[in-house]
Amino acid sequence: MVKKSFWKGFAIGGVILLTTAVIINSKFIVSPDISLNQLEVLDWKGNNIELTKCQRKPLVVNYWATWCAPCLKEFPYFEDVKQRFGNEVNFVMVSDETKEKITSFSNSKPYSFNFLKSTKKISEYGLTEFTALPTTYFYNAQGNLIVKHSGDLNVESLTELIKRIK
């Protein structure tokens, strides 16, 4: 009886410790600066997209994955904010998953932003998939990185960050 209680308590304590470590680590993640010319992305036809050509308007680049629950949670907020700003701001969602997986996801959802496939792994940009997704970068109309945010966003925080790049 005592052994079972000990091991049960030990296991619960281990889970709590691990969860705490992940939460603390995610709060102190420093996302790397990623310039637009570093991004290597493709559209659904396999064409290279040069995001530096989006320089006439502010640009929001969101790194995400289909398996990332916080990423999926924030997509409706991105859609809401995109509709509010209309054509004043470009939004692109970048994933390193397969073209088929991203296409299947985008076709099953009512979102109007551009889904792009990174030709590089997210980790090659310096982002750690399991601790840094979602991560969103905000560029002004000149293509300068103004602010970056790790973790999910809501409508209010997303709107405030976009105001900083307009």
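Visitor: What do β3, helix α2 and β4 make?
Guide: A right-handed β-α-β unit, with helix α2 covering residues 69-85. Right-handed means that, with the strands pointing away from the viewer, the path from the first strand over the helix to the second runs clockwise. Helices (H or I, at least four residues) and strands (E, at least two) are DSSP runs, numbered from the N terminus.

Visitor: Before we go on, what are we looking at?
Guide: This is a predicted model, where local features need pLDDT of at least 70 and side-chain atom pairs count only at pLDDT 80 or more, while totals for chains, interfaces and linings use all residues. Residues are numbered from 1 along each chain as its sequence is written, and side-chain values use heavy atoms, with hydrogens and water left out.

Visitor: Okay. In what sense do β3 and β4 pair?
Guide: Parallel, over five bridges; β3 is residues 59-63. Two strands pair if DSSP finds at least two bridges between them. V60 stands opposite F91 in β4.

Visitor: And how many bridges join β4 to β5?
Guide: Four, and the two strands run parallel. M93 stands opposite F115 in β5. V92 has N114 of β5 as its bridge partner. β4 and β5 also belong to a right-handed β-α-β unit, together with helix α3 (residues 99-107).

Visitor: Is β4 mostly covered or mostly open?
Guide: Mostly covered. Five of its six residues are buried. Buried means under 20% relative accessible area, with a 1.4 Å probe and protein chains only.

Visitor: What pairs with β5 in the antiparallel sense?
Guide: Strand β1 (residues 41-42), over two bridges. L42 has K117 in β5 as its bridge partner.

Visitor: Switching to cysteines. How many disulfides does a search of the whole structure find?
Guide: One. C68 and C71 form it, with sulfur atoms 2.4 Å apart. The cut-off is a pair of cysteine sulfur atoms within 2.5 Å. The link is right-handed, with 80 degrees about the S-S bond.

Visitor: Are those two cysteines buried or exposed?
Guide: Buried. C68 has a relative accessible area of 3%, and C71 is at 0%.

Visitor: Now the whole chain. How many helices and strands?
Guide: Five helices and seven strands. Buried residues make up 39% of the 166 residues.

Key. Buried < 20%, exposed > 50% of the residue type's maximum accessible area, 1.4 Å probe, protein only.
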